[in-house]
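Here is a friendly walk through some side-chain contacts. Have the model open beside you as you read.

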Amino acid sequence: AALQDYEAVKERVFFLQTQYDDLIKAKETLYETIAEIDATSAERLSDTYSKLREEFQAMFKQLFKGGNADLELTEPENILESGINIVAQPPGKKPQNLLLLSGGERALTAIALLLAIRKVKPTPFVVLDEIDASLDEVNLRRFAEQMQFLAQATQFLVITHRPGTMEVADRLYGVTMSDHATSQLISVQLSQE
């Protein structure tokens with residue numbers, strides 16, 4: 001019986017060793033695949049980051065009519081795990097972190113970043129909800145001018161209460177209350193299509 005037990009155990013050991021070897025090979029293949037994906041992702045992210053950085057700097061200067069802005073990686077040596085700091089210098093001010101800017105400056109800087117992202121990775125349709133709420137009249141005018149320019153290549157749906165933004169729209173949709181206390185949807189064509 002010992003010989004039969006030995007053959008059964010030997011067969012079992014051979015089976016388990018084969019399974020173990022397959023798992024080790026699969027693990028190595030998986031690590032190689034992950035390394036390839038990480039390398040490709042890091043390369044693409046680095047390329048996109050460089051383009052976004054350039055577009056953000058240009059868009060910031062357009063919206064603020066001067067000044068400087070930059071995107072800085074928190075861990076440049078490990079781009080896949082890195083965070084991004086936004087440093088902005090509106091005209092006449094010193095460079096500072098986004099969190100230290102006034103509400104309107106912070107909003108306009110965020111808009112510059114959003115529009116820069118749209119330039120790097122264009123989309124045919126964009127929805128913006130109350131993006132202009134904290135802008136003063138001067139910055140609202142700058143934002144509206146930029147929206148008019150960008151609307152030549154992208155369709156924008158902007159939800160807003162600000163007249164300055166509405167003035168550059170091609171069409172307005174709104175809800176109003178009639179004399180009989182019922183809501184009505186109103187559509188107004190502002191430009192010739």
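## Aromatic pairs

Searching the whole structure turns up two aromatic pairs. Here rings of Phe, Tyr and Trp (its six-membered ring) pair if their centres lie within 6.5 Å, and planes under 30 degrees apart count as stacked, over 60 as edge-to-face and the rest as tilted. Phe-60 and Phe-64 make a stacked pair, with 4.2 Å from centre to centre and 25° between the planes.

Both partners sit in helix 1 (residues 2-64), and because they are four residues apart there, about one helical turn separates Phe-60 from Phe-64. Helices (H or I, at least four residues) and strands (E, at least two) are DSSP runs, numbered from the N terminus. Phe-60 is buried at a relative accessible area of 0%, and Phe-64 is buried too, at 4%. The cut-offs are these: buried means under 20% relative accessible area, exposed over 50%, and partly exposed in between (1.4 Å probe, protein chains only). Together with Phe-56, Phe-60 and Phe-64 form one aromatic cluster.

## About the model

This is a predicted model, in which local features need pLDDT of at least 70 and side-chain atom pairs count only at pLDDT 80 or more, while totals for chains, interfaces and linings use all residues. Residues are numbered from 1 along each chain as its sequence is written, and side-chain values use heavy atoms, with hydrogens and water left out.

How many salt bridges does the structure hold? There are six, each one being a side-chain nitrogen of Lys or Arg within 4 Å of a carboxyl oxygen of Asp or Glu.

One of them joins Arg-53 to Asp-70, with the closest N and O atoms 2.6 Å apart. This pair links distant parts of the chain, since Arg-53 lies in helix 1 and Asp-70 in strand 1 (residues 68-73), 17 residues apart. Arg-53 is partly exposed at 32% relative accessible area, whereas Asp-70 is buried at 16%.

Another salt bridge brings together Lys-119 and Glu-55 (3.7 Å, N to O).

Arg-162 is in the loop between strand 5 (155-159) and helix 4 (163-166), and Glu-137 is in helix 3 (residues 137-150), 25 residues apart. Arg-162 is buried, with a relative accessible area of 15%.
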